[in-house]
Amino acid sequence: TLYHDEPGGKVRLQVCTDVACAMRGADEYLNKLCEHLGIRIGETTPDGFVTVEEVKCLAACDHAPMFQAQTGDDISYHENQTVYGTLAWIETLREHMKGGAA
């Protein structure tokens with residue numbers, strides 16, 4: 001999940017869909033998130049800001065749905081997510097990065 005041979009968005013949002021996470025709704029979460037962003041799994045938003053990827057086991061099975069976010073050299077984990085909570089996080093990050101900080 002840390003090596004990429006193709007360019008992606010400024011933010012790589014990696015959603016775990018391993019068995020335990022899937023049992024806690026990760027597949028539905030991932031699909032709805034991509035639907036709201038207007039992309040498919042593995043794609044980048046038209047503005048080049050977010051790439052959404054499906055990954056296996058980020059070691060937070062009991063807190064799914066969850067994602068790992070890579071922004072530059074930073075990696076952060078976000079557990080117990082909802083689609084709307086994630087979209088709000090993306091918009092907050094977008095505004096923060098637009099302001100020159102990141």
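Let's start with a word we'll need: a residue is buried when its relative accessible area is under 20%, exposed when it is over 50%, and partly exposed in between, using a 1.4 Å probe and protein chains only.

Hi everyone! This is a predicted model, where local features need pLDDT of at least 70, side-chain atom pairs count only at pLDDT 80 or more, and totals for chains, interfaces and linings use all residues. Residues are numbered from 1 along each chain as its sequence is written, and side-chain values use heavy atoms, with hydrogens and water left out.

Now, is His78 buried or exposed? His78 has 15% relative accessibility, so His78 counts as buried. Which residues does His78 touch, beyond its neighbours within four places in sequence? They are Pro65, Met66, Phe67, Ala69 and Trp89, where contact means heavy atoms within 4.5 Å.

His78 belongs to strand E4, residues 74-78; strands (E, at least two residues) and helices (H or I, at least four) are DSSP runs, numbered from the N terminus. Next, the sheet. Four strands make an open, mixed sheet, ordered E2-E1-E3-E4; two strands pair if DSSP finds at least two bridges between them. E2 (50-55) and E4 are at the edges with a single partner strand each, so one side of each has no neighbour in the sheet.

Look at E1, residues 11-16: six bridges join E1 to E2, and the two run parallel. In one of these pairs, Arg12 has Thr51 in E2 as its bridge partner. Helix H3, residues 83-98, packs on the sheet and touches E1, E2, E3 and E4.

Methods. Axes are lines fitted to C-alpha atoms, for helices over the stretch in contact, and angles run from 0 to 180 degrees between N-to-C directions.
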